[in-house]
Amino acid sequence: MRTGNNREKNDRDDRAGLLERIAAESGCMYLSDLRGFIYRERFRIAVTQIPASDYPVEEWQDAAYYMVGSEERFKTAEEAKQRILGSL
């Protein structure tokens, strides 16, 4: 039995999604608050503190689309993260 692989999968399943993490670390009550820029500085701080490597590029792309409206494709998670930060 390959318990190491199962443990990794469970860790990923237990970890909050990127948008949920940004909202929580920004003190937002609702995920929809991420679409507005009322908490712009809070968002910037939260996104800055999240390592790009914590989430796959696809999840960062989804966050960029949700928060910024950017339908761009990024080669790396860091590129997508920087796009979000550049809009804040």
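I looked up the surface: the chain exposes about 5,900 Å², of which carbon and sulfur atoms supply 47% (Shrake-Rupley method, 1.4 Å probe; for residues, only the protein chains shown count as cover). The model is predicted, so I note that local features need pLDDT of at least 70 and side-chain atom pairs pLDDT 80 or more, while totals for chains, interfaces and linings use all residues. Residues are numbered from 1 along each chain as its sequence is written, and side-chain values use heavy atoms, without hydrogens and water.

I then checked the fold: the chain has 5 helices and 0 strands, in the order α-α-α-α-α. Both element types are DSSP runs numbered from the N terminus (helices H or I, at least four residues; strands E, at least two).

Next I looked up burial. Of the 88 residues, 32% are buried (under 20% relative accessible area; exposed is over 50%, partly exposed in between; 1.4 Å probe, protein chains only).

In α3 (residues 40-49), I found F43, A46 and V47 buried. They lie on the same side of α3 because they cover an arc of only 95 degrees around the axis, taken from the directions from the helix axis to the C-beta atoms. The buried residues of α3 pack against α2 (18-26), α4 (57-68) and α5 (77-87).

Finally I examined V68, in helix α4. V68 has a relative accessible area of 26%, so it is partly exposed. Beyond its neighbours within four places in sequence, V68 contacts A63, R83, I84 and S87 (heavy atoms within 4.5 Å).
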